[in-house]
Amino acid sequence: MHDKTTDSHLPQAESDVRHTYLPAGTGSKIWMSGDEYQILLDAKSSGNTMTLLDALVPPAGGPPLHAHADVDELFLVLDGELDIMVDNAVYQVKAGGRVFVKRNVPHAFINRTDRPVRMLIFYTALRRFVWNTTTSCDPNGRKRAGRQMLEFGHAQVGDGDEVVA
């Protein structure tokens, strides 16, 4: 077996991506709505075909109702239980449960338990992240050096912000 670990770090055009190897433990962490997200696979590494996030949702965590015009989304709960709201339906999703949401469909999720929930979130097509390069806070309110996601998708980028694929 040939280990091509270093090959994943060679610059290449996004359209030229045929495969990508990303070592365990790699991927930027971001915080939004009190939740922690680790980018396991970004748009650039997939040739602009998908993005994969590992999400840790604390008790009472989760984003407000929203929709994405540019991507479809798949939630896969790995540990815990999460309420996922889609089209006025509420699903109590336990470990192993999945919910698919088509683009432009309003959805939200919330952790109503007293334990953190871990899930994977898959986005189809291009998904880029906009970061605020100032200091951010972790879910406990402690300041962290690093970047915090402002918005993903088609965002307006201003001074001090950067788009990361």
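How many salt bridges does the structure hold? I counted six, taking a salt bridge as a side-chain nitrogen of Lys or Arg within 4 Å of a carboxyl oxygen of Asp or Glu.

Ground rules before going on. This is a predicted model, where local features need pLDDT of at least 70 and side-chain atom pairs count only at pLDDT 80 or more, while totals for chains, interfaces and linings use all residues. Residues are numbered from 1 along each chain as its sequence is written, and side-chain values use heavy atoms, with hydrogens and water left out.

**Entry 1: Arg 118 and Asp 54**

I looked up the salt bridge between Arg 118 and Asp 54 and got 2.7 Å between the closest N and O atoms. Arg 118 sits in strand S9 (residues 117-124) and Asp 54 in strand S3 (residues 50-57), so the pair ties together parts 64 residues apart in sequence. For the record, helices (H or I, at least four residues) and strands (E, at least two) are DSSP runs, numbered from the N terminus.

Buried or exposed? I use under 20% relative accessible area for buried, over 50% for exposed and partly exposed in between, with a 1.4 Å probe and protein chains only. Asp 54 is buried at 14%, whereas Arg 118 is partly exposed at 37%.

**Entry 2: Asp 72 and Lys 102**

Next I checked Asp 72 and Lys 102, whose side chains meet in a salt bridge at 3.8 Å, N to O. This pair links distant parts of the chain, with Asp 72 in the loop between S3 and S4 and Lys 102 in the loop between S7 and S8, 30 residues apart. Asp 72 is buried, with a relative accessible area of 9%, and Lys 102 is partly exposed at 48%. I also noted a network of salt bridges that links Asp 72, Lys 102 and Arg 103.

**Entry 3: Arg 112 and Asp 83**

For Arg 112 and Asp 83 I read 2.6 Å, N to O, across the salt bridge. Arg 112 is in the loop between S8 and S9 and Asp 83 in strand S5, 29 residues apart, so to speak a link between distant parts of the chain. Asp 83 is buried at 8%, but Arg 112 is exposed at 59%.

**Entry 4: the strands**

S5 and S8 pair over four bridges, and Val 86 stands opposite His 107 in S8.

I then turned to strand S4 (residues 73-79), which pairs with S7 in the antiparallel sense over four bridges. Phe 75 is opposite Val 99 in S7. Strand S7 (residues 98-101) has Val 99 and Val 101 on a covered face, and Arg 98 and Phe 100 on an uncovered one. In a regular strand the side chains alternate between the two faces of the sheet.

**Entry 5: Leu 40**

Leu 40 is partly exposed, at 28% relative accessibility. What is Leu 40 in contact with, leaving aside its neighbours within four places in sequence? With contact meaning heavy atoms within 4.5 Å, I found Leu 22, Leu 52, Leu 53, Asp 54 and Leu 120. The C-alpha atoms of Leu 40 and Ala 24 are separated by 9.0 Å, the two being 16 residues apart along the chain.

Key
Two strands pair if DSSP finds at least two bridges between them.
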